[in-house]
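Thank you all for making the time this morning.

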Amino acid sequence: MDSTTRTACTSRRRSRRGLRHRGRAAGGAVAAVALLTLVAGCGSGEPAPVAHPTDEPRITAKAGERFTLTVHENASTREHWYLSDPRPDAHVVRERGQHGTSDSGDRHLDGGGSSLTFTFEATGKGSTRIVLTHCTFATTCDEDGGGTPAPAPTAPYRQSAPKRVTYTVTVR
């Protein structure tokens, strides 16, 4: 948590001191709003990651900055994306996880697509590469994205090499 965020959180906590002298209903409402503001404003203490467009192969970040790459996939058509080898140099960029979001919101739709977001953190000055592999029913991919042959697809499709997208990350 940086000092700016810590100061903002501390000042919000202090704003609740005068609640004892107000009416019970008004004080409860003010306390709820103050608590909601405190939770929303100071949740993890970290700023939201910067979303980088996936069609731009060059990414520039500052040390300590988190950033994301979001791709579309559809499991029902055996379309997946994976973070692949070679992994980024951990002295420059570290993977911070991934999460998927359904294109249909909270509703589950058979055959519906989703967005997969990879989150990274710039850890130190330098340059490295992030490689994402796009696997489909007609490509040779294992679930780790390493390129190991998958089960043979149904005819008349031929297996082909998966699409690999490389991003060059420079940390200043």
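Before I quote a surface figure, let me say that accessible areas here come from the Shrake-Rupley method with a 1.4 Å probe. On that basis, the accessible surface of the protein chain comes to about 11200 Å², and carbon and sulfur atoms account for 52% of it. Please keep in mind that what you see is a predicted model.

Of its 172 residues, 33% are buried, and of the contacts between residues at least 6 apart in sequence, 68% join residues at least 24 apart.

Let me turn to the strands at the end of that pattern. Strand 7 and strand 8 run antiparallel and are joined by nine bridges, whereas strand 2, residues 58–61, pairs with strand 8 in the parallel sense over four bridges. Val171 in strand 8 is the bridge partner of Ala61, and Val171 also stands opposite Gly126.

Now to Pro162, which lies in the loop between strand 7 (126–135) and strand 8 (163–171). Is Pro162 buried or exposed? Its relative accessibility is 16%, and because the cut-off for buried is under 20%, Pro162 counts as buried. Leaving aside neighbours within four places in sequence, its contacts are Thr133, His134, Cys135, Thr139, Thr140 and Cys141. Finally, Pro162 and Thr136 are 26 residues apart in sequence, yet their C-alpha atoms are 7.4 Å apart in space.

Terms used
Residues are numbered from 1 along each chain as its sequence is written. This is a predicted model: local features need pLDDT of at least 70, side-chain atom pairs count only at pLDDT 80 or more; totals for chains, interfaces and linings use all residues. Side-chain values use heavy atoms; hydrogens and water are left out. Helices (H or I, at least four residues) and strands (E, at least two) are DSSP runs, numbered from the N terminus. Buried means under 20% relative accessible area, exposed over 50%, partly exposed in between (1.4 Å probe, protein chains only). Contact means heavy atoms within 4.5 Å. Two strands pair if DSSP finds at least two bridges between them.
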